[in-house]
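Subject: Structure for your files

Hello,

Here is the structure you asked about. My notes follow below it.

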Amino acid sequence: MISEQPHDQEGRPARNAPHETAAKRTRAYVLHPDLKAQPSRRLPEHGLAEAVALAAALPDLDVVGQDVVRVAKAVPATLFGSGKVEELAAALRAAEVDLVLVDGPVTPVQQRNLEKQWGVKLLDRTGLILEIFADRARTREGVLQVELAALSYQRTRLVRAWTHLERQRGGLGFVGGPGETQIEADRRAIDEQVVRLRRQLDKVVRTRELHRSARRKVPFPIVALVGYTNAGKSSLFNRLTGADVFAKDMLFATLDPTMRAVELPTGFRVILSDTVGFISELPTQLVAAFRATLEEVLEADLILHVRDIAHSETAEQAADVDDILTRLGVDKSVPMLEVWNKIDLLDPAARKSVEDRGAASEGIFPVSVWNEDGLTPLIEAITRHLDEERQHEDLVIPFADGRARAWLHEEGVVEQERVEEDGVHLAVSWTARQKGRFADI
């Protein structure tokens, strides 16, 4: 990790602890390798801008320089050519850099060699995202998932960086066998920690499954919000639910999943689930670690794909989200609505074009969560997809059965009520699902 943090009584980092005002801020330099042999779906300048935004998401870190580095062919030992390594070394010294962030994969050997030649600490894209996730995780599950992903990442980066790694430890018994290298011992220690974390995470997952089973007994449909990080998912969640989930113009502003019940205009209730934001080249370790959290997406009855339509690479971001949903195994038969957010940031001509596109499509909804433009048609579409056909019936509830009468009013299905000698006569409008649940009361 970049810096030491205070810990709570359970040994977890105290994420909300105030930073010391006198603490030295880390000076970072961001490099985006433009590998000609590995063409990307986005422009390198946009990739660099996203990497800088990722760095800005970490506290106590100042980005003092940034650069796109053209790489014709990756050098196995140092990634960049020797001339570029020396050129960058001079720039890093001049900027008095403490940390270099390379926006892409860096092998353990490359990391070791570059740190030695530059005299600074180096993080690749996966390491940077892990740092952000470690800083943002709040729930017990989130903390465990980040720790598990970090250990999986560290296990792949055990290299012979120091002389003591070449020594052998003798085995036990009458004849000391070949023993094991320090790398093997470190790898075994990490494996033991991984097993321990997975056991703890399994307990959390079982608890989540109990909650999920309880929801199945009161089967409200699940609406899952997905999208690229900073697209406005949490802001939309807050607007629709009246919740106060942290939302900020920052990559990965929220990590932990949040669920709330929402009552649609017809009185029908659904569960809205806010998930972690996606990002291009999301590390495999994080996809695996956060699978338990993202299982809500796998069980969703409707998916809302929130897009930042004002972003210059909104199409590329949407493609990245589709890639990750495919990796998660999301059923393609689950209906998905596209929510094109931030239309308030578009110029009038672009906004009209987007709104015309939405009017011509049944699955696209241009909105501005900030000023609530376009939310009504979106809510109506959610209702159409999830609210079942209703039937009208007349019921007679005995006076002694106040529980049944209260349940009907709580569900909002009562259209008319009158009291007669044989009981309370109710005219109800309900779905087959609600009728079946009423029979079980």
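Which residue just after H2 takes a positive phi? Glu96 does, at about 50°. Please keep in mind throughout that this is a predicted model.

Overall make-up

The protein chain has 441 residues, and 47% of them count as buried. It contains 14 helices and 15 strands. Among contacts between residues at least 6 apart in sequence, 69% join residues at least 24 apart.

Strand S1 (residues 26-35) and S2 run parallel and are joined by ten bridges. Within this part of the model, His32 stands opposite Val68 in S2. As background, the strands of a sheet pair through backbone hydrogen bonds, in either a parallel or an antiparallel manner.

Helices around that sheet

Helix H2 covers residues 82-94. At 1.5 Å a residue, its 13 residues should span 18 Å, and the end C-alpha atoms are 19 Å apart, which agrees. Its buried residues are Val85, Leu88, Ala89 and Leu92. They cover an arc of only 110° around the axis, which puts them on the same side of H2. Glu86 and Ala94 are exposed, and they sit on the face of H2 turned away from its buried side. The cover over the buried residues of H2 includes S1, S2, S3 and helix H3 (108-118).

In H3, the buried residues are Pro108, Gln110, Gln111, Asn113, Leu114 and Trp118. They pack against S1, H2, S3 and S4. Gly119 follows H3 and has a positive phi, near 70°.

Asp124

A polar atom of the Asp124 side chain lies 3.5 Å from the backbone nitrogen of Val106. Leaving aside neighbours within four places in sequence, Asp124 is in contact with Val102, Gly104, Pro105, Val106, Tyr153 and Arg157.

The S8-S9 hairpin

Strand S8 (residues 258-263) pairs with strand S9 (residues 269-274) in the antiparallel sense, over six bridges. Val262 stands opposite Val270 in S9. The two strands form a hairpin with five residues between them. Gly267, in the turn, has a positive phi of about 95°.

The antiparallel sheet

Another open sheet has three strands in the order S13-S15-S14, and the pairing is antiparallel. Strand S13 (390-397) and strand S14 (414-420) are the edge strands, each pairing on one side only. Neighbouring strands of this sheet are turned by 15° against each other on average, direction ignored. Eight bridges hold the antiparallel pairing of S13 with strand S15 (residues 423-431). Leu395 stands opposite Leu426 in S15.

Ala350

Where is Ala350? It is in helix H11 (residues 348-359). Its relative accessibility is 28%, so Ala350 counts as partly exposed. Ala310 is 40 residues away from Ala350 along the chain, and the C-alpha atoms of the two are separated by 9.1 Å.

That is what I have on this model.

Regards

Methods: Residues are numbered from 1 along each chain as its sequence is written. This is a predicted model: local features need pLDDT of at least 70, side-chain atom pairs count only at pLDDT 80 or more; totals for chains, interfaces and linings use all residues. Side-chain values use heavy atoms; hydrogens and water are left out. Helices (H or I, at least four residues) and strands (E, at least two) are DSSP runs, numbered from the N terminus. Buried means under 20% relative accessible area, exposed over 50%, partly exposed in between (1.4 Å probe, protein chains only). Two strands pair if DSSP finds at least two bridges between them. Axes are lines fitted to C-alpha atoms, for helices over the stretch in contact, and angles run from 0 to 180 degrees between N-to-C directions. The expected span of a helix is 1.5 Å times one less than its number of residues. The arc is that of the directions from the helix axis to the C-beta atoms. Contact means heavy atoms within 4.5 Å. A polar contact is a pair of N or O atoms within 3.5 Å; within protein, one must be able to donate a hydrogen and the other to accept it, and residues adjacent in sequence count only if both atoms are side-chain atoms.
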